[in-house]
Amino acid sequence: MLNLPQTTEVNKIIPKNKFYEKADISNSLKESFVDDIEKIVWANKLSPKTLNIAEGSTIKEIEVFHIKLKTSKFNAKILEAIDKSIPYYILYVLEYQGNYQLWLGYKEKSNNPEKQATITRYFHSEWDKKPEISLIGNKLDSIYQGLLEQLSDNRISTDSETDIKEQVAKAIEIEKLEKQIEKLTAKMRAEKQFNRQIEIKRQIKQLQQKIKDLNNG
């Protein structure tokens, strides 16, 4: 499916109830596990042993979960629930009717071992019949960062001197600004009064400048 090395293959079905029976999640999310997911397969394990590479300073393993969906409009909080229940980083391969989408979360681990990790943001590809991803680097840390770069439309860059955490925060801020611009643009098109159109256009330009500043910062 992703043409990952054979040495990484696990191909083990994981019962869905493993994730929702003991987890502290809402009843509606438990229903999403049942209604949205057909099956979950632990497809691959990326580790120093399976890839014959050096261990990362932060990341010890990256799991690949193949999730076959019953619907393309699944509840993305399902992934967060799975991520919180597993201490490793997870690359998700979602499948629906022969199309695939890749998801990867930026996970911040707590210094307190009793606390769950926090998923700050998920990055994902578009639906595609032939999903592609490359393993770049000779350590798991760099491989993970490379996966983030590919799935974030290059908003996360392995060449940047900026810390990954800061890059993710910047990507989140830019996305918020873009959504504001989208709403204001729709509002401007619907506005009948010329002076209001001018005011909304001024607001849009201010937001566009903020995005430009963030990209150049």
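This is a short tour of a predicted model, from the whole chain to two residues.

Local features here need pLDDT of at least 70 and side-chain atom pairs count only at pLDDT 80 or more, while totals for chains, interfaces and linings use all residues. Residues are numbered from 1 along each chain as its sequence is written, and side-chain values use heavy atoms, with hydrogens and water left out.

The C-alpha trace spans about 65 × 40 × 40 Å along its principal axes.

Next, select Asp83, in helix H4 (residues 77-85). Its relative accessible area is 3%, so Asp83 is buried (under 20% relative accessible area, with exposed over 50% and partly exposed in between; 1.4 Å probe, protein chains only).

Show the side chains of Tyr92 and Tyr122. The Asp83 side chain makes a polar contact with that of Tyr92 at 3.1 Å and with that of Tyr122 at 2.7 Å. Such a contact is a pair of N or O atoms within 3.5 Å; within protein, one must be able to donate a hydrogen and the other to accept it, and residues adjacent in sequence count only if both atoms are side-chain atoms.

Finally, move to Ile119 in strand S6 (residues 118-124). Ile119 counts as buried because its relative accessibility is 11%. Beyond four places in sequence, its contacts (heavy atoms within 4.5 Å) are Glu80, Asp83, Gly105, Tyr106 and Lys107.

Notes
Helices (H or I, at least four residues) and strands (E, at least two) are DSSP runs, numbered from the N terminus.
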